[in-house]
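The sequence and the structure come first.

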Amino acid sequence: MSEGRNLRLWESEILSAVPAAKKDQEGAIEKSAAKKKVKELKVLDSKTSQNLCIFLGSFRMPYEEIKNVILEVNEKLLAESMVQNLIKLLPEQEQLNFLAEMKDEYDDLAESEQFGVVMSSVKRLKPRLTAILFKLQFEELMNNIKPDVVSVTAACEEVRKSQNFGQLLQIILLTGNFMNAGSRNAKAFGFSISYLCKLRDTKSADQKMTLLHFLADVCQEQYPEVMHFTDELLHVEKASRVSAETLQKSIDQMGRQISALEKDIETFPPPQSDKDQFVEKIFVSVAREQYEKVDLMHKSMEKEYEELGKYFVFDPRKMSVEEFFGDLKNFCGMFQQAVKENQKRREAEEKIRRAKLAREKAEKEKEEKAKRSQVLDINAEGDETGIMDGLLEALQSGAAFRRKRGPRQAANRRAGNAVTAILGKELTQESTPPKKTKMQKEGKKEEEKKEEKKKEDEEAKAESLEALLEATLPATS
């Protein structure tokens, strides 16, 4: 019984607590709605307020601190992006004036309008922010303008003073006049600088070589110093990326901003507090000095380009800096590429030549080997047909009768002739009658001499045949 009673009491307590919790929740909602109702926008539109709230949420700095940073021109905390967003998102001056009158209702205003109330106390806020942004961007602007001016000026001087480039232009003009001999373009005094990039369009009959490749070959073989002309044009590539029109606009805009800043400083109100250091830190005199220097450099650059136009006979107003140095940069790149392609072509030709020589050498060795094997076949044992062919060829050419006798063969021959003469004499004496007339004796001597000469001729022929056999037959061990 006691357990059931306790359960009923617990249930009754829960049921009584539900309405109380519901009542508390409804009260909190009503308070939130009332608070929201109080924070409704009074001056700014919803879009402006939303953008400002997003900016303030990402920046996370108290409003008074943002105000002091602007008054002090604190470059450590004033980032370029922050000032740009402020200029873009801040309410119009009329709206700021309305918010300045509502500073007594500060707690009842929305966050964006509270920020507007704080910033409305800064005198000439928009011009101040514009000047601060110019100060933050000034160094970057100068770093963008100065290198471009220096590059174009240096490139103009390099192109005019380069002897190797001038000699290359002479070679191109001479080649063009030679090719155009007999036509209306013959004996030209010059050509446009844009023609340099068209040298690659003229090709040989076999389409394997262009006029640019030919000129690169001629320079490499006959004028090697001309090949280094690109080393004398160091600033041409940088100058080709410079837009003279954009450069002029940047310098003019800088001049206008400095002039406007100078006028603002002249009419700027006195510092509104100890933290206000705008006039002290806005650097007008320094900006003016640096601007005048870069403006003088720019005028010098324009003069150099005009002189270059006179030197190469073109109108600087019709051919911009970007076009002139762009064509020149492209030509330098194409010339260097042609040199590389010529080198590859020569290497390929040398490879083909070596392969041809190796093939011819192999064929020659093959022929010689075949001849040696043919001689061996002739000298083979039992091949009588080959021997007789060799003997007939030697007899027909006369080689068989041109063999020189060695000293031993000559001695043997003389000894044999002497023995033969003695034996012949003895035999003659034995067979001859004891008494002969003088005429008979002389006739006998003549006959003996004829016989002796006949034998010598026969022996010489025999020795020649022996020599031929010795030359054709293999030596026996």
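In this predicted model, helix 11 (residues 244-267) packs against helix 13 at an angle of about 155 degrees, and their axes are 10 Å apart. Helix 11 is therefore roughly antiparallel to helix 13, since angles over 145 degrees count as such. The crossing of the two is left-handed. On the side of helix 11, the contact involves Leu 247, Gln 248, Ile 251, Met 254, Gly 255, Ile 258, Ser 259, Leu 261, Glu 262 and Ile 265. On the side of helix 13, the partners are Val 284, Ala 287, Arg 288, Tyr 291, Asp 295, His 298, Met 301 and Glu 302. By class, the residues of this contact are 10 nonpolar, four polar and four charged.

Helix 13 (284-312) also takes part in the second largest pocket, where helix 13 and helix 8 (163-179) are the elements that give two or more residues to the lining. The space in this pocket is about 320 Å³. Its lining has 17 residues, and those nearest the centre are Leu 169, Gly 190, Phe 191, Tyr 311 and Phe 312. Helix 8 supplies the largest share of the lining, with five residues. The lining divides into 12 nonpolar and five polar residues, with no charged ones.

Two further helix pairs follow. Helix 4 (residues 80-89) and helix 7 (residues 125-161) have axes that come within 10 Å and cross at roughly 150 degrees. The two helices are therefore roughly antiparallel to each other, and their crossing is left-handed. Helix 4 contributes Glu 80, Val 83, Gln 84, Leu 86 and Ile 87, which meet Lys 126, Leu 129, Thr 130, Ile 132, Leu 133, Leu 136, Gln 137 and Glu 140 of helix 7. Seven residues of this contact are nonpolar, three are polar and three are charged.

The axes of helix 3 (residues 63-72) and helix 6 (residues 111-119) come within 9 Å, crossing at roughly 35 degrees. This crossing is right-handed. Tyr 63, Glu 64, Ile 66, Lys 67 and Ile 70 of helix 3 are in contact with Glu 111, Gln 114, Phe 115, Val 118 and Met 119 of helix 6. The residues here comprise six nonpolar, one polar and three charged.

The table lists the axis geometry of the pairs.

| Helix pair | Angle between axes | Distance between axes |
|---|---|---|
| Helix 11 and helix 13 | about 155 degrees | 10 Å |
| Helix 4 and helix 7 | roughly 150 degrees | within 10 Å |
| Helix 3 and helix 6 | roughly 35 degrees | within 9 Å |

Notes:
Residues are numbered from 1 along each chain as its sequence is written. This is a predicted model: local features need pLDDT of at least 70, side-chain atom pairs count only at pLDDT 80 or more; totals for chains, interfaces and linings use all residues. Side-chain values use heavy atoms; hydrogens and water are left out. Axes are lines fitted to C-alpha atoms, for helices over the stretch in contact, and angles run from 0 to 180 degrees between N-to-C directions. Helices (H or I, at least four residues) and strands (E, at least two) are DSSP runs, numbered from the N terminus. Angles under 35 degrees count as roughly parallel, over 145 as roughly antiparallel, 65 to 115 as roughly perpendicular and the rest as oblique. A crossing is left-handed if the near helix is turned anticlockwise from the far one by less than a right angle, and right-handed if clockwise. Contact means heavy atoms within 4.5 Å. Ala, Val, Leu, Ile, Met, Phe, Trp, Tyr, Cys and Pro count as nonpolar, Asp, Glu, Lys and Arg as charged, and the others, Gly among them, as polar. On a 1 Å grid over the protein atoms alone, a cavity is a set of points where a 1.4 Å probe fits but cannot get out, and a pocket is an open set with protein on both sides within 12 Å along at least five of seven lines; lining residues have an atom within 4 Å of a point. Grid points are joined across faces, edges and corners, and a volume is the space filled by probe spheres set on the points.
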